[in-house]
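The sequence and structure are shown first, and the discussion follows.

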Amino acid sequence: MDKPIDPTQPALPDAAGSSPGLRLSVVIPVFNEAGTIHELVGRVVAARVPAGLVKEIVCVNDASTDGTAARLDALPAMFPEVPIRVIHLPVNRGKGAAVRAGFAAATGDVVLIQDADLEYDPDDYPTLLEPIVEDRADVVYGSRFIGSEPHRVHYFWHSVANRMLTLMSNMMTNLNLTDMEVGYKVFRASVLKRIPPLKCDRFGFEPEVTAKVARLRPRVRVYEVGVSYHGRSYEEGKKITWIDGIKAVLTILRFRIFK
């Protein structure tokens, strides 16, 4: 059994970076993002992180069919200053399956999920990482609904659905999140090791991991910070649909009833 987190014994550097060389693993699930993946990874490589953290990037290709695989294989040579590992899954199974593969390959002390499109901005990394680096948090969620960061005005009913799913999740987990479905989630690696095995292959990953984080004992410290959001239209490649919303509801109920 993994040793419970002792909040009095920080395993990460303080804000001054007194323990240099600790690693941030950026896990990027990728499906048919040939048009954005090089720019996105370039932004991840260039993104500032708190002093004392060094980056590694783990890209998981979820059996893309648009040339993404070749563009991923070119990344290590394009950005030799950051270790980049590319994993190719043989069959498309969804974001949750790709994230699980990325978690398994990550070697960092902190693990951050980064979508492969350009909806989320790596410039937000300092904001996302600060609560963990300062030993105030064990898990950090971004939120598209708090803060003053720029947001593209888009899809009213998507916003309503996200808020309803978050409310339902909060009722089941007793957390007080504003954006459970957000793509930006950051974990201490020690927390990920304590989470029971994740099972959802598609976008059900979001409510599943939230439910399992909420049930950890001793409790972990969950923080939420505002992030910018540049949402895509379906014409631009957005993949989540109303069917995924229904599945998210069922996932929330599933992990409340079947603990």
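Which side chain makes a polar contact with the side chain of E119? The partner is the side chain of Y229, at 3.2 Å, where a polar contact is a pair of N or O atoms within 3.5 Å; within protein, one must be able to donate a hydrogen and the other to accept it, and residues adjacent in sequence count only if both atoms are side-chain atoms.

## Basis of the model

This is a predicted model, in which local features need pLDDT of at least 70 and side-chain atom pairs count only at pLDDT 80 or more, while totals for chains, interfaces and linings use all residues. Residues are numbered from 1 along each chain as its sequence is written, and side-chain values use heavy atoms, with hydrogens and water left out.

E119 is found in the loop between β4 and α5; helices (H or I, at least four residues) and strands (E, at least two) are DSSP runs, numbered from the N terminus. E119 is buried, with a relative accessible area of 5%. Buried here means under 20% relative accessible area, exposed over 50%, and partly exposed in between (1.4 Å probe, protein chains only). Y229 is also buried, at 11%.

The whole structure holds 5 aromatic pairs. Rings of Phe, Tyr and Trp (its six-membered ring) pair if their centres lie within 6.5 Å; planes under 30 degrees apart count as stacked, over 60 as edge-to-face and the rest as tilted. Y120 and Y229 form a tilted pair, with 5.2 Å centre to centre and 55° between the planes. This pair links distant parts of the chain, 109 residues apart: Y120 belongs to the loop between β4 (110–113) and α5 (125–133), and Y229 to the loop between β7 (222–226) and α9 (242–257). Y120 is buried, with a relative accessible area of 3%. One aromatic cluster comprises Y120, Y125, Y184 and Y229.

## Charges over rings

R144 lies over the face of Y229, at 5.0 Å from the ring centre. A charge sits over a ring if NZ of Lys or CZ of Arg is within 6 Å of the ring centre and within 35 degrees of the ring normal. Elsewhere, the ring of F145 has the charged end of R163 over it, 4.0 Å from its centre.

## Nonpolar core

The largest nonpolar core has 65 residues, and I28, V41 and F103 have the most contacts inside it. Such a core is a set of buried Ala, Val, Leu, Ile, Met, Phe, Trp, Tyr and Cys residues joined through side-chain atoms within 4.5 Å. Strand β1 (residues 22–30) gives the most to this core, with 6 residues.

Leaving aside neighbours within four places in sequence, V41 is in contact (heavy atoms within 4.5 Å) with I28, I57, C59, L75, F79 and I84. Among these partners of V41, C59 counts as buried at 0% relative accessibility.

R23 lies in strand β1 and is partly exposed, with a relative accessible area of 28%. A polar contact of 3.1 Å joins its side chain to that of E56. R23 and E56 are 33 residues apart along the chain, and their C-alpha atoms are separated by 7.0 Å.

Helix α8 (residues 205–214) is mostly covered, with 10 of its 10 residues buried. The buried residues of α8 include E206, E208 and K212.
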